[in-house]
Amino acid sequence: MKPGTTQVKTESRNTRVGKSRHGNIFLIAAALMTAAAAGVLPAGNSSLGPQVAEAQNFSQRTIQGKVYESDAAVAGATVFLKNLKTKNVKSFTSTSDGAFRFAQVGMVDDYEVWAERGPKKSAVKTVSSFDSRKQVEYDLKLK
């Protein structure tokens with residue numbers, strides 16, 4: 001033995017000094033996570049382990065537009081937003097420039113939008129759950 005060195009006894013399991021017997025597993029897992037975060041490995045569905053489900057887009061959208069009658073903006077019209085799954089109906093009164101806006105509308109349900117003022121009603125517009133736009137804009141014309 002050289003001067004200044006220390007002899008260390010190891011267990012019969014061939015364990016290294018300073019590491020638990022699971023230390024190598026943790027080092028490999030940390031290295032794989034670091035590589036995935038750095039973009040070296042594909043994230044999510046890689047062939048290195050169990051398949052990971054990708055997150056679906058359950059965010060929200062905005063439905064907005066203007067109400068018209070004979071090419072003039074209509075103030076005070078009631079605009080309805082109906083959830084076709086739950087049958088819930090929300091309403092909005094158009095502003096002085098005919099504008100309406102429904103914010104925080106879920107993207108996983110289908111909706112109908114229409115406007116009414118007195119005996120006049122617009123055509124019903126449909127917003128599909130398959131439409132991926134975050135902002136949907138309609139002009140509703142009273143007839």
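Trainee: Let's start with the layout. Which elements does the chain have, from the N terminus on?
Mentor: This is a predicted model, so keep that in mind throughout. The chain has one helix and nine strands. Read from the N terminus, the order is α-β-β-β-β-β-β-β-β-β.

Trainee: What share of the residues counts as buried?
Mentor: Buried here means under 20% relative accessible area. The accessible surface of the chain comes to about 10,400 Å², and 53% of that belongs to carbon and sulfur atoms. Out of 143 residues, the buried share is 24%.

Trainee: And among contacts between residues at least 6 apart in sequence, what percentage join residues at least 24 apart?
Mentor: Contact means heavy atoms within 4.5 Å. Take the contacts between residues at least 6 apart, then ask which join residues at least 24 apart, and you get 54%.

Trainee: Now the hairpin of E3 and E4. Which residue there takes a positive phi?
Mentor: Strand E3 covers residues 78-83 and strand E4 residues 89-93; they run antiparallel, with five bridges joining them. Between the strands sit five residues, and the one with a positive phi, near 70 degrees, is lysine 87.

Trainee: Phenylalanine 92 and phenylalanine 102 form an aromatic pair. What geometry does the pair have?
Mentor: The structure holds three aromatic pairs. In this one the centres are 6.2 Å apart and the planes make 65 degrees. Planes over 60 degrees apart count as edge-to-face, so the pair of phenylalanine 92 and phenylalanine 102 is edge-to-face.

Trainee: Where do those two rings sit, and which rings make up the cluster?
Mentor: Phenylalanine 92 is in strand E4 and phenylalanine 102 in strand E5 (residues 99-106), ten residues apart. Phenylalanine 92 is partly exposed at 27% relative accessibility, whereas phenylalanine 102 is buried at 6%. Ring pairs link the cluster together, and its members are Phe92, Phe100 and Phe102.

Trainee: Is threonine 62 buried or exposed?
Mentor: Threonine 62 is found in strand E1 (residues 60-69). Leaving aside neighbours within four places in sequence, threonine 62 touches Arg101, Phe102, Ala103, Lys134, Gln135 and Val136. Its relative accessible area is 14%, and the cut-off is 20%, so threonine 62 is buried.

Trainee: How far apart in sequence are the parts tied together by lysine 120 and glutamate 69?
Mentor: The closest N and O atoms of this salt bridge are 2.4 Å apart. Lysine 120 lies in strand E7 (residues 120-121) and glutamate 69 in strand E1, so the pair ties together parts whose separation is 51 residues.

Trainee: What is the N to O distance between aspartate 131 and arginine 133?
Mentor: Aspartate 131 is buried, with a relative accessible area of 18%, while arginine 133 is partly exposed at 40%. Their side chains meet in a salt bridge, with an N to O distance of 2.6 Å.

Definitions and conventions
Residues are numbered from 1 along each chain as its sequence is written. This is a predicted model: local features need pLDDT of at least 70, side-chain atom pairs count only at pLDDT 80 or more; totals for chains, interfaces and linings use all residues. Side-chain values use heavy atoms; hydrogens and water are left out. Helices (H or I, at least four residues) and strands (E, at least two) are DSSP runs, numbered from the N terminus. Buried means under 20% relative accessible area, exposed over 50%, partly exposed in between (1.4 Å probe, protein chains only). Accessible areas come from the Shrake-Rupley method with a 1.4 Å probe; for residues, only the protein chains shown count as cover. Two strands pair if DSSP finds at least two bridges between them. Rings of Phe, Tyr and Trp (its six-membered ring) pair if their centres lie within 6.5 Å; planes under 30 degrees apart count as stacked, over 60 as edge-to-face and the rest as tilted. A salt bridge is a side-chain nitrogen of Lys or Arg within 4 Å of a carboxyl oxygen of Asp or Glu.
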